[in-house]
Amino acid sequence: MAINKKSLLFLLLTLMLALVLAACAGGSDNENTTEDPAEETEGTEGTENAGAEGGDLILAVLSDASSLDPAGSNDVPSSVVQANIYETLVNRDENNEIVPGLAESWEQVDETTWSFKLREGVMFHDGEEFNAEVVKANLDRILDPAVASPRLFLFEMITNVEVVGDYEVNITTEYPFAPLLAHLSHNGGGMVSPASIEADYEALNGGSDPGSVISQEPVGTGFFKFDSWTPGSEIKLVKNEEYWGEDGAKVDSVTFRVVPDSQVRAADLETGNVHIIDPVQPNEVERINNSGVASVNQKASSSLAYLGFNTEKAPFDNPLVRQAISKAIDRESIISGIYDNYGIPAIGPLAPGIFGYTEDIDVVEYNMDEARALLEEAGMADGFETTIWTNDNPQRQAIAILVQEALAELNITVEIEVMEFGTYLEKTAAGEHDMFILGWSNPTGDADYGMYALFHSSQKGNPGNRSFYENPEVDALLDQGRQEADPAAREAIYAEAAQLLTDDAPMAFLLHTEYLTGVADNVQGFDIGTDGIYQLRNVTINE
């Protein structure tokens, strides 16, 4: 859907008016997007689980999942559902420490081999047993070129998965890979029932798409089981009454209801039609906090909001043009005017608190004179016509408007196109765009996840590199960062890569936001991770 100038100005004026009316709704002036923030954010985090068990939890969310196969997608709307169905070998706690999951313990046998001892007595939702053969089947599947998983980059360094015993498995990597445990905690490594894998391969051999069976009928070991999915409308999960752990889900069911309109989500929360809404718009925070029936959970995030360029298309194949546009963006105005100060400027791809983050790089400053000079140097002083794509997210649309107006001062005419999220992901993965606005979270807390998928040339398209960026020097550094065991040396490698990315500008790094989630006052035990994944296991409802 293209938006004309009049509509765009109306949208911007409406958003700005709402922000004025919100009058000091608040927001961190110095957000620290770490796994363990120095200052505790407001909201329901840490609230005592005082409600009774049972009840049907309803969430109103912006976008539908694209796939319920852990190997079939790499977007947050899919991950928030998958994380409640499937479980991983290891988990990360609130301090970013690796803790047991489906693996009880592990040890590093040598610099490229890890041994995992698995839990016994764990059953999948379909009655299949979890064991070492299942681990091998799952990891072998995500490595299978025929599956073409967009999450292959998480595990592509694995060369062998060896079944040592019924409940013991060895994982060997091509080279020493420091963040292996962190990658295994990612829900891309969620364990799928072996019967589902077998049925999915049968369908694949019959001409169906990879993941067609698993996505339609997902079967894991998690504390919730899949019930139904009406695409574009809602996904429903029900409590796994036979969960293997002592601490299973508290509510009877969870429904993820797709509600694209923010005002409708807020109204549904205030009238009790839903229990949790995500996201809350910054200009809605004060209203919800003063509603008397709900409050906003604020959580520092590891996410990056960015404006990407298709570096394979002229004129964005010229780094001078990309640098010029990056310098033409006033990030402080975006944060204050659109996000009401719920965020901090991004100086690179990594948020503070992520391993590999550094401030020792040249920061791109807002400077229109330098932007004009760069365009003139590129031979584009007379400007050009282009497009910005974004999805149905109000903040991203507002950013597109501000960028459009800024670039008009450089004689660059921009048309904005807004798409439904699934279509948007499909088209940007295919490289049909010029510029685009998107985000990237970091569920592993490591620079490898925050940089490899976004910038390595092997990851073009669906895995994450929607800029279609290719730089042999950056590739070499990212490969080296994966193979370096010494933490200090890894940090130096990623700092060098960050500087190259600043110079090359395959994207304009915009900001690191806060997650704003509306939670009804009768809901206890809810939290959201810095990766944007909902923590629903301990949620209870006081009716």
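In which handedness of crossing does α15 pass α16? The crossing of α15 past α16 is left-handed, a label used when the near helix is turned anticlockwise from the far one by less than a right angle. The model is predicted, with local features requiring pLDDT of at least 70 and side-chain atom pairs counting only at pLDDT 80 or more, while totals for chains, interfaces and linings use all residues. Residues are numbered from 1 along each chain as its sequence is written, and side-chain values use heavy atoms, with hydrogens and water left out.

Helices here are DSSP runs of H or I with at least four residues, numbered from the N terminus.

The axes of α15 and α16 lie 10 Å apart at an angle of about 145°; axes are lines fitted to C-alpha atoms over the stretch in contact, and angles run from 0 to 180 degrees between N-to-C directions. Here Asp448, Met451, Tyr452 and Phe455 of α15 meet Val474, Asp475, Leu478, Asp479 and Arg482 of α16, where contact means heavy atoms within 4.5 Å.

Helix α16 (residues 472–483) also packs against α17 (residues 487–504), at about 160° with axes 9 Å apart. The two are therefore roughly antiparallel, the term for angles over 145 degrees. This crossing of α16 past α17 is left-handed. Residues in the contact include Leu477 and Leu478 of α16 and Ile493 and Leu500 of α17.

Notes
Angles under 35 degrees count as roughly parallel, over 145 as roughly antiparallel, 65 to 115 as roughly perpendicular and the rest as oblique.
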